[in-house]
Amino acid sequence: MNVTPEQVEPARIEKAVTDFLSRLDKLVDGFDAQTSLYADGAGLDSLETAELSAVLEDEFGTDPFSCDEMPETLADIVVFYGAVKV
Amino acid sequence: MIELLRRVAVEDPARVAIVTHDRSVTYADLLASAEAAASELVADEVTRFAALSHQADVMIALLAGASSVGVEMCQYPPVSEAEVAELAWRFDHDLIIDEPRSSPRWADGEGRAGADAADPVHRPDRPHLVLTTGTTGAPRGVRHDWSRLLRSTRRVRPAPGQRWLLAYGLHQFAGLQVLLHVFAAGATLVAPAPRRPVEGLAAMRGLGVTHASATPTYWRFLLAELRADGGPTPELQQITLGGEAIPAPLLSQIRTAFPDAEVSQVYAASEFGATGSVRDRRSGLSTEVLARGEDADVAMKVVDGELWVRSRIGMLGYYGEDPVDADAWRPTGDLVEMTDDRILFRGRSSEIVNVGGVKVHPLPIEERVGAVAGVDMARAFGRPNPMTGSIVAVEIVPVPGADIDQIKTAVREACKDLDAAARPRSIRFVDHVTTSGDKIIRRAQ
């Protein structure tokens, strides 16, 4: 599904990411935009990160993990969708 | 092939050979058409040609006629005009017969002087060309010889009462196998047009089909049609599956839907021919096939998880390439697993999904997903991913009215004990799964 930039609101991105983490039982206490998605935070492994990239691509039409700099946090993902022109 | 028609035409000329949606053709009439076609091919000095029409009775007469006079026929699949031109270029076809009973179309656009019809002559070489589906690249031409193809009919017993559904295209090797079996048995071919499952089901009900051979994907669609329309279940005596791996849940569904039918599985391919059939209603092949010995027409062995075949009834070789040695072993591309007394198919080597360096077979995943309540049909395949190269993805056709969130949860639950790399990481709901030649496409995309 391709979307226009104004549709990719931070709240939608946050919901997609936290829903995903909840399903994997990895929404740690105190999770916020600056919490690492990986070892010291939510603890996503490589396959779970691959799955998150597919979830985001399905939801928003493009995938922040395909860009040069891999997102570390929810904030990075929000920045990606804020900058990208889909 | 014409000798099969001739044998029945002499014995019982009025026996019906082919039934289509609008006509019946007797063995005598089919033989006469085949002999007329043979005469015309000889008179026009044709040595090889491509055929486009898919009108069964006309094409079968042409096929039998060509086979009797050593003219190489190649039935093209139903494709666009541009693709026909591409195939003609690739396989050097100067002559294309597009419509039945019309003038042949020569690729150079020139006419040919009509010679007087001549008596068919019998030639030592009786070639036939079958095109592969080209699902993993450009189609290849598989060269056969009728003398080899007919060897597989030696064990067919007469069965004039059988009415076989033609669910395959005549351009497919499996369609050719059905033709040979039907005419060797002196049975009747029921050829609906088009040949989709919905028309196949109608032909089963309305045209007295007793036997049907099709791919597992075709049977999945046919079962869905049967459930959807609520009409009577056809009274089939035999169901044959082949052409792709057969999931155990599908076998179970077929047994439930057709409790009185014999169920057989055929393992065959354009390249090595038919290897025989399995009738024990269990998935896979018996390991007994690995002990057939040197004298067998077809022998099999397993090498590093892949099935290899040595076939003396298989192809002569690929078009444009050197002939193959009939006594040489060849990999089939079918990945198998040995469990107790069975050889179970795990998918094609071209379908393996590489998930971060871990090789995953999509077929067992597809079987699990297909068995989940609310799933009408499923397809597992590799989806490109920037993190791991690929992930396992599934597409699901849900049963009408099913709750897709519940299905997603149930699919994840059904797959949670799989290796982490094999668990579906992408689940999508679709109206139809991608198929080619009535087979599910599982290669990475």
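Are E48(A) and K26(A) buried or exposed? Both residues are buried, where buried means under 20% relative accessible area, exposed over 50% and partly exposed in between, computed with a 1.4 Å probe on protein chains only. This is a predicted model, in which local features need pLDDT of at least 70 and side-chain atom pairs count only at pLDDT 80 or more, while totals for chains, interfaces and linings use all residues. Residues are numbered from 1 along each chain as its sequence is written, chains are lettered from A in the order in which they are written, and side-chain values use heavy atoms, with hydrogens and water left out.

A search of the whole structure finds 28 salt bridges over all chains, a salt bridge being a side-chain nitrogen of Lys or Arg within 4 Å of a carboxyl oxygen of Asp or Glu. Three of them are set out below.

| Pair | Closest N to O distance |
|---|---|
| E48(A) and K26(A) | 2.7 Å |

E48(A) and K26(A) form a salt bridge that links distant parts of the chain, with E48(A) in helix α2 (residues 46-60) and K26(A) in the loop between α1 (10-23) and α2, 22 residues apart; helices (H or I, at least four residues) and strands (E, at least two) are DSSP runs, numbered from the N terminus.

E57(A) is partly exposed at 31% relative accessibility, whereas R383(B) is buried at 6%. Both residues belong to a network of salt bridges that also links D58(A) and R428(B).
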